[in-house]
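Dear colleague,

Please find below the structure that I am passing on to you. My notes on it follow.

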Amino acid sequence: MATMSVLGCGLIGGSVALSWKKVGLVDHVIAFDINEENLKTALEKKVADECTLSLREAVEKSDIIVVSVPVKAMESVFAEIGKYLKKGAVVTDVGSTRGSVIAAARKGLGDKFNQYAPAHPIAGGEMPGVEYADPDLFLNKVVISTPAEGMDPKVVELITENWKKAGSKVQEMTPEEHDRIFASVSHLPHVLAYALVDMIAKEPSAHVKLKLAGAGFRDFTRIAASSPVMWRDICISNRDAISEELRSYRKELDALQKYIDEGDAQAIERVFENAMRNRRGLVFPGK
């Protein structure tokens, strides 16, 4: 059995703790956070067995360290981990971008980089707090492993096997492929949801519109209730790929604008039909 520390105690980090403890991968969880209220909640919800405001204490006592802080904070966190990481301990993270995070780990951990293996669980919820942590959040969900040069294959295998034992399906790809794909199917949708709600909220009649919003608005904008700090950092960390997706989406909107302005019903229907066929054919992991 092992002791695991979760650095950054929110929905994802807390759910990793509950999940891995539930299946017996760890028997003791230490939560580290700079927010004391988060730590109190983690104890109350039995997400953690022990809490600390000292990153050093969390790292020195742990066999597995899970980094679950906003991606822009990871470099400084990895640098601190590198000072206190004991021999044989392993480090992983649950960040939503790979290129920048792996670079941060390489720089921060230095000669201990071979004790690190990245993983991105494709799961979450619109409410970001540790109070919403769920031991079954990752069941039948995909986790992306992105091994890179300098990582120890045994550490990569350990983290991969832990996710599989927790009920997830692990898929391997390069960090570059990961960031291109998730800019399109994860990061862009969040940007669009935030933008739509922000646009309406700035209008003089915002209170009337939002009061009358129905299921379509609710479903489209659900993810705009996610953590602004986390998604701000994702936008900056994966900005090249996200910007490319935004440019492509803007072209699609411009085409639709033209069809609507011209009253071109056939062109509008053609776009909608193509979208409908592809959307109805999707099968989501865990469904």
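A cavity is a set of grid points where a 1.4 Å probe fits but cannot get out, and its volume is the space filled by probe spheres set on those points. The model is predicted, and a search of the whole structure finds one cavity of 30 Å³ or more. About 30 Å³ of space lies in this largest cavity.

Its lining consists of Ala 117, Pro 118, Ala 119, Val 143, Ser 145, Val 156, Ile 159, Thr 160, Trp 163 and Val 170. Two elements, strand S7 (142–145) and helix H6 (153–165), each give two or more residues to that lining. Helix H6 gives the most, with four residues. By class, eight of the lining residues are nonpolar and two are polar, while none is charged.

Lastly, Leu 25 lies in the loop between helix H1 (11–22) and strand S2 (28–32). Leu 25 has a relative accessible area of 15%, and because buried means under 20%, it counts as buried. Beyond its neighbours within four places in sequence, Leu 25 is in contact with Ala 2, Trp 20, Asn 162 and Lys 165. Leu 25 and Ala 166 are 141 residues apart in sequence, yet their C-alpha atoms are 8.3 Å apart in space.

Yours sincerely

Key
Residues are numbered from 1 along each chain as its sequence is written. This is a predicted model: local features need pLDDT of at least 70, side-chain atom pairs count only at pLDDT 80 or more; totals for chains, interfaces and linings use all residues. Side-chain values use heavy atoms; hydrogens and water are left out. On a 1 Å grid over the protein atoms alone, a cavity is a set of points where a 1.4 Å probe fits but cannot get out, and a pocket is an open set with protein on both sides within 12 Å along at least five of seven lines; lining residues have an atom within 4 Å of a point. Ala, Val, Leu, Ile, Met, Phe, Trp, Tyr, Cys and Pro count as nonpolar, Asp, Glu, Lys and Arg as charged, and the others, Gly among them, as polar. Buried means under 20% relative accessible area, exposed over 50%, partly exposed in between (1.4 Å probe, protein chains only). Contact means heavy atoms within 4.5 Å.
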